[in-house]
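Good morning, and thank you for the time. I shall go through a few local features of one model, and I ask that you keep the structure in view as I speak.

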Amino acid sequence: MQLSGKVAVITGASMGIGEAMAKLFTDEGASVVLLSRDAARAEAARQRIGHEDRTLALACDVRNREEIDRVVGLTMHHFRRIDIWVNNAGHGILDSVANVDMAGVRATFETNFFGAVEAMKAVLPVMQQQRSGTIINISSVAGHIPLPFHAMYSATKFAMNAMGKGARIELMTSGINVLTVCPGYVRTDFGANALRGSEQKQVRPEAVRGITPDRVARAALKGYLKGKREVVVPWHMIPVIKIYQLFPGLVEWSMTKMVRKRTA
């Protein structure tokens with residue numbers, strides 16, 4: 001597969017990973033629809049990435065199915081097809097399970113998980129009619145390793161991982177792939193935009209600077225071109241995930257130690 005001539009729709013495209021993917025995809029020859037809840041921010045990102053003849057900026061809140069359906073309709077009107085749909089919209093929630101506000105939990109699931117499900121349900125009929133397409137779900141390493149004080153965010157990503165991989169099997173004979181992308185810590189404003197509760201403890205070592213959104217975008221593109229099931233970026237998080245699967249107590253001990261050190 002190549003990107004030249006393809007049409008991609010990217011949620012949460014006004015910043016961070018979404019904007020980086022929009023730029024990379026357009027640089028590689030795709031036409032891209034950038035979505036954000038804020039139309040002005042989506043348009044600003046569109047101006048930054050250039051290629052204005054092959055891009056479109058639209059407002060879309062993925063919590064609202066009617067808005068998703070509107071985007072699908074407008075994209076088909078402008079570009080006649082949808083080859084790639086990227087579920088990137090999402091936000092964090094920082095608090096302990098004991099104290100977390102349930103309204104915040106529901107709001108996080110509505111965006112991070114249910115919004116992705118609704119988007120897939122909206123775009124899959126188009127792809128099924130085309131007999132081709134790819135859904136790219138931007139998940140997280142936190143969807144493999146549950147993080148203390150980020151447990152609700154991790155839960156949304158565990159759900160996304162399970163849903164995407166299950167859907168991939170269901171769609172395997174339809175010419176449609178579902179790719180799950182699991183980044184580790186990424187240097188964006190994601191943390192600044194997270195919902196924050198009364199216990200905001202961190203388990204990330206201070207020495208970890210994180211990777212750039214561009215690196216995630218390149219990994220996603222590589223996974224798309226190879227028709228992969230899952231991409232973990234950076235690669236050195238793969239053995240960490242495997243260690244957690246085999247020896248969860250060891251990873252839990254390490255995280256507990258980091259939390260104690262940070263709060264001491």
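Helix α4 supplies four residues to the lining of the largest cavity, the largest share. Helices here are DSSP runs of H or I of at least four residues, and strands are runs of E of at least two, numbered from the N terminus. This is a predicted model, in which local features need pLDDT of at least 70 and side-chain atom pairs count only at pLDDT 80 or more, while totals for chains, interfaces and linings use all residues. Residues are numbered from 1 along each chain as its sequence is written, and side-chain values use heavy atoms, with hydrogens and water left out.

The structure holds one cavity of 30 Å³ or more, and the space in the largest cavity is about 40 Å³. On a 1 Å grid over the protein atoms alone, a cavity is a set of points where a 1.4 Å probe fits but cannot get out; a pocket is an open set with protein on both sides within 12 Å along at least five of seven lines, and lining residues have an atom within 4 Å of a point. Among the residues lining the largest cavity are Thr111, Asn112, Gly115 and Ala116. By class, this lining has four nonpolar, six polar and no charged residues.

How far apart are the end C-alpha atoms of α4? They are 40 Å apart, which agrees with the 42 Å that its 29 residues, 102-130, should span at 1.5 Å a residue; the expected span is 1.5 Å times one less than the number of residues. At Glu110, α4 bends by about 40°, the angle between axes fitted to the seven residues ending there and the seven starting there. After α4 comes Arg131, with a positive phi near 65°.

I turn now to the aromatic rings. Phe109, Phe113 and Phe114 form one aromatic cluster, and a search of the whole structure finds two aromatic pairs. The rings of Phe109 and Phe114 have centres 6.4 Å apart and planes at 45°, so this pair is tilted. Rings of Phe, Tyr and Trp (its six-membered ring) pair if their centres lie within 6.5 Å; planes under 30 degrees apart are stacked, over 60 edge-to-face, and the rest tilted.

Is Phe114 buried, partly exposed or exposed? Phe114 is partly exposed, because its relative accessible area is 39%, where buried means under 20%, exposed over 50% and partly exposed in between (1.4 Å probe, protein chains only). Pro183, in strand β7, is buried at 4%.

Terms used:
Points joined across faces, edges and corners; volume = space filled by probe spheres on them. Nonpolar A, V, L, I, M, F, W, Y, C, P; charged D, E, K, R; others polar.
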